[in-house]
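Okay, thanks for coming, everyone. I'd like to walk you through one model today, so let me put it up on the screen.

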Amino acid sequence: MSKASPRRLSASRILARITVILLCLGLAVLMAFHQQIPDVAGLGLILDNLTPWLGLGIPLLLLLTIVLGGRATYVALLVPTVVWGVLFGSAALPSAPVDSQDPLVVASQNVHQDAVTSAHSLAESGAEVITLQELGEGQIDLVTDALKRSHPYYYSVSTVGLWSSYPLSNPEPLDLGLGWDRALRADVDTESGPVRVYAVHAASARPTGHDERDTMLASLANYVAKDPSSKVIAAGDFNATSTDRHFAPVADQLDDVHYSAWGLAMTWPRTPFAMLGIDHVMVRGVTGTSLNRIPAGDSDHYALRASVDLAGG
């Protein structure tokens with residue numbers, strides 16, 4: 001009997017496998033080098049901030065690989081999988097519990113119309129320092145009155161406010177290059193000494209334009225770089241994710257407090273589900289021990305509650 005001849009792959013199947021291989025490699029390159037994509041018509045902004053979601057292409061490519069088969073396609077699929085893992089794997093894992101020798105709890109939220117409810121929720125969460133952004137007319141007075149017993153010390157500029165259970169000193173408004181104040185900084189005089197706190201509300205970023213936000217982020221990074229304070233915390237709505245190319249100068253000066261739950265700390269929009277982590281609590285000279293999201297008030301942003309160890313850094 002003659003041996004059966006080996007099955008030959010059809011030209012269309014070979015072409016399909018090659019296409020999947022190229023898609024795998026293209027996805028890996030896009031994730032790894034998204035910041036080098038020219039920001040034409042907002043393409044760079046979109047890619048930068050949605051880069052973690054490009055990982056959804058991996059299971060789709062896996063399904064195609066299973067259907068088409070071929071060792072080379074499986075090997076190619078490993079490339080974007082490894083790239084996503086390197087970029088986001090550690091950030092997506094929950095942080096291990098850390099004992100804090102000298103804790104300070106900081107909370108931040110971009111609020112909406114119900115700022116008082118947000119403030120109450122954050123105070124009840126145990127936050128000793130609260131910063132709120134996008135405060136409307138009259139809301140600063142309302143929040144100050146609501147927190148007068150638990151957080152009697154406050155400072156505000158424009159639509160940004162800082163409330164503290166510890167005394168504040170050296171308050172200063174920051175325009176961050178816009179010519180009008182959208183941020184502030186002050187020393188929170190804790191029992192362990194002063195901690196410099198920045199409260200930030202960066203300008204909005206849209207595909208049609210984000211120059212003002214970029215200017216503010218660069219200016220903030222410059223302020224922090226020149227700040228002689230040994231302990232620094234920056235909290236607020238930065239309108240940029242950690243993968244945004246214009247967020248890099250800030251990330252060079254400060255470290256994001258690691259999210260305590262599974263996944264990434266997506267904060268906006270709150271409904272139907274958060275897709276972007278544009279709110280941050282960042283530190284220098286202290287150690288972030290936990291970070292959690294709080295659905296406070298009626299805002300379309302989740303609030304962030306961070307615990308930091310003032311003894312570490």
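Let's start with Phe88, which is buried, with a relative accessible area of 6%; buried means under 20%, exposed over 50% and partly exposed in between, using a 1.4 Å probe and protein chains only. Trp84 comes out partly exposed, at 23%.

Quick caveats: this is a predicted model, so local features need pLDDT of at least 70 and side-chain atom pairs 80 or more, while totals for chains, interfaces and linings use all residues. Numbering runs from 1 along each chain as its sequence is written, and side-chain values use heavy atoms, leaving out hydrogens and water.

Helices here are DSSP runs of H or I, at least four residues, numbered from the N terminus.

Now, the structure holds three aromatic pairs. In one of them, the ring centres of Trp84 and Phe88 are 5.5 Å apart with planes at 50 degrees, so we call the pair tilted. The rule is centres within 6.5 Å, with planes under 30 degrees stacked, over 60 edge-to-face and the rest tilted; for Trp we take the six-membered ring.

And what does Trp84 in H4 meet across in H3? The H3 side of that contact has Ile58, Leu61, Leu62, Thr65 and Ile66, and Trp84 is among the H4 residues they meet, contact being heavy atoms within 4.5 Å.

Last one: Arg293 lies over the face of Tyr302, 4.1 Å from the ring centre. That needs CZ of Arg, or NZ of Lys, within 6 Å of the centre and within 35 degrees of the ring normal.

Terms used:
Helices (H or I, at least four residues) and strands (E, at least two) are DSSP runs, numbered from the N terminus.
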